[in-house]
Amino acid sequence: MIRIRFFFVLIAALVQLACAEKAADEGDLLLVTTTSVRDSGLLGALLPVFEEQTGVRAQVIAVGSGAALRMGSDANADVLLTHAPEGEEKLVASGAAVSRSPIMENYFVIAGPPEDPAGVRSATSPADAMRRIAAASARFVSRGDDSGTHRREIALMKEAGLDPDARWPGFLSSGAGMGQSLQIAGEKRAYVLSDIGTFLAFQKRIELEALSQPGPSLRNVYSVLRVDPARLAPERAERAKQFEAFMLAAETQQMIAEFGRERFGRPLFRPLHLEPQPAP
Amino acid sequence: MSPPSIGLLIEITARTLAVCLPALVIALAIGLPIGIAIGGRRFKGRVPLVSLVNTGMGAPPVVVGLLVYFALERNGPFGELSWLYSPQAMILAQVVIALPLVVGITLAAVGALDEDWDLQVRTLGVPKRWRLWLLLREIRLGLLAAVITALGGILSEVGAVMAVGGNLEGETRVLTTAILMYTQMGELEIALGLAAILVGLMLVLAGLLTAVQQSGRS
């Protein structure tokens, strides 16, 4: 046993030696976010400004919201940027996170092939669209990965009076990230629920169209959650606070409002703390 | 999120084998003859060919996956097959990954034979069809190394099968993609359980093959 320990320590020491350079400036702030935020490229635009203003370098880890929340509850992250309101509120209620601050929003779309075999275009609501897809046994790619988007699929199915565990012949569960799920839907000519940002990024490639109209049940709010400071090193808790303040600052909110115009011809997110509110 | 049932674990494991074993058989069927042909001859262009094989042995599976993806996507050259995000695509990608491994190790095994071996066999007047049999017997250790390496390579591979299979539940979800998925979902205990199955599977298969490899020794 002691010998095994010795070898482990030896290997760990060698690994640490190999990464000496990195370890020195490692992890000023560990930001855990969802794949949809990463894939949109928003952080790439914001974080350099954050670093410039505060000198804090954020390390970004992108996972599904389920995993992000778990990393928060295990204090394996300093700060979270997620879009799963119910899970976020539970995390705050449990005391593992303090202060859930809604930062920005966009909306989900139900995308599908332009032929629209299930008639989603003429659906009266997103829930009605889900009902039509299920009734037509149309192909539908579910994230199936406990992400914020997957949770929204389930909420829509419940709203439509469907059993969330229901499977119809065209139902596919990808267990993959948003980008890959969109690609699968494009390849299989299937319907898929996606956040608008990732959808716009992939739209050209997959040849699917956004068929749903924005509605309250497709609203998608992103919030910053600070992990319980008592479970973090004091300087990390302080940086998490700085990040939260940065995301709420008018200047940052303005950048969020502008983000995406260049590449997609329209903003991807609507900031929630910018006065007066620009028309969406 | 409820943990996957035993039935689901068996299903994922069965699909893993249903993808990997055919891929292995196809790679062997194509790779062994090529390896023996290249290994046993001297011809012009052999060196570039062998270095091509050696490069293939180190080809990153995720790159193979990407290339297979482009070949199979709807607007790609083989889009009409509709193979993308199906087990066929996964088998194809794994054959491409395993083939250079099989060819490379086989030709190394043939090349490692005593230079006079062929001459000896010829002088003994062994008929041609028996010569091949003798050759296979002679290099069987190398052949089994090829089988084990190729199997290990494709059984543990995740990048390519994720790219071309898509991890679709009940269709293309195999052990490695399921492990990755549950890890990213934060379901670390389930991921660990699947990982144990994968390692156990490799242990059993490698054990069986090693038993075969060593059985002929005296």
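1. Before the helix pair in point 2, a word on angles: axes are lines fitted to C-alpha atoms, for helices over the stretch in contact, and angles run from 0 to 180 degrees between N-to-C directions. Bear in mind too that this is a predicted model.

2. With that in hand, take H5(A) and helix H6 (residues 85–93) of chain A: their axes come within 10 Å and cross at roughly 5 degrees. Angles under 35 degrees count as roughly parallel, so H5(A) and H6(A) are roughly parallel to each other.

3. Who touches whom in that pair? On the H5(A) side you'll find Ser65(A), Leu69(A), Gly72(A) and Ser73(A), and they meet Gly87(A), Glu88(A) and Leu91(A) of H6(A). Sorted by class, this contact has two nonpolar, four polar and one charged residues.

4. H5 (65–73) also turns up where chain A touches chain B. That contact takes 18 residues from chain A and 14 residues from chain B. Strand E6 (171–173) and helix H9 (178–188) of chain A, like H5(A), each give two or more residues to the chain A side. The chain A residues there split into six nonpolar, seven polar and five charged.

5. Now the largest nonpolar core, which has 124 residues. Helix H4 (residues 87–111) of chain B gives the most to this core, with 17 residues. In chain A, domain 1 (2–106 + 221–271) and domain 2 (108–218) both give residues to this core, so it lies between them.

6. The residues with the most contacts inside that core are Tyr191(A), Ala93(B) and Ala98(B). Take Ala98(B): leaving aside neighbours within four places in sequence, Ala98(B) is in contact with Ala23(B), Leu24(B), Ala27(B), Ala150(B), Gly153(B) and Ile154(B).

Terms used:
Residues numbered from 1 in each chain as written. Chains lettered and ligands numbered in written order. Predicted model: local features only at pLDDT ≥ 70, side-chain atom pairs only at ≥ 80, totals over all residues. Contact = placed C-beta atoms within 7 Å. Helix = DSSP H or I, 4+ residues; strand = E, 2+ residues; numbered from the N terminus. Nonpolar A, V, L, I, M, F, W, Y, C, P; charged D, E, K, R; others polar. Parallel < 35°, antiparallel > 145°, perpendicular 65-115°, else oblique. Core = buried A, V, L, I, M, F, W, Y, C linked by C-beta atoms within 7 Å. Buried ≥ 20, exposed ≤ 12 C-beta atoms within 10 Å, placed from the backbone. Domains from an automatic or database assignment.
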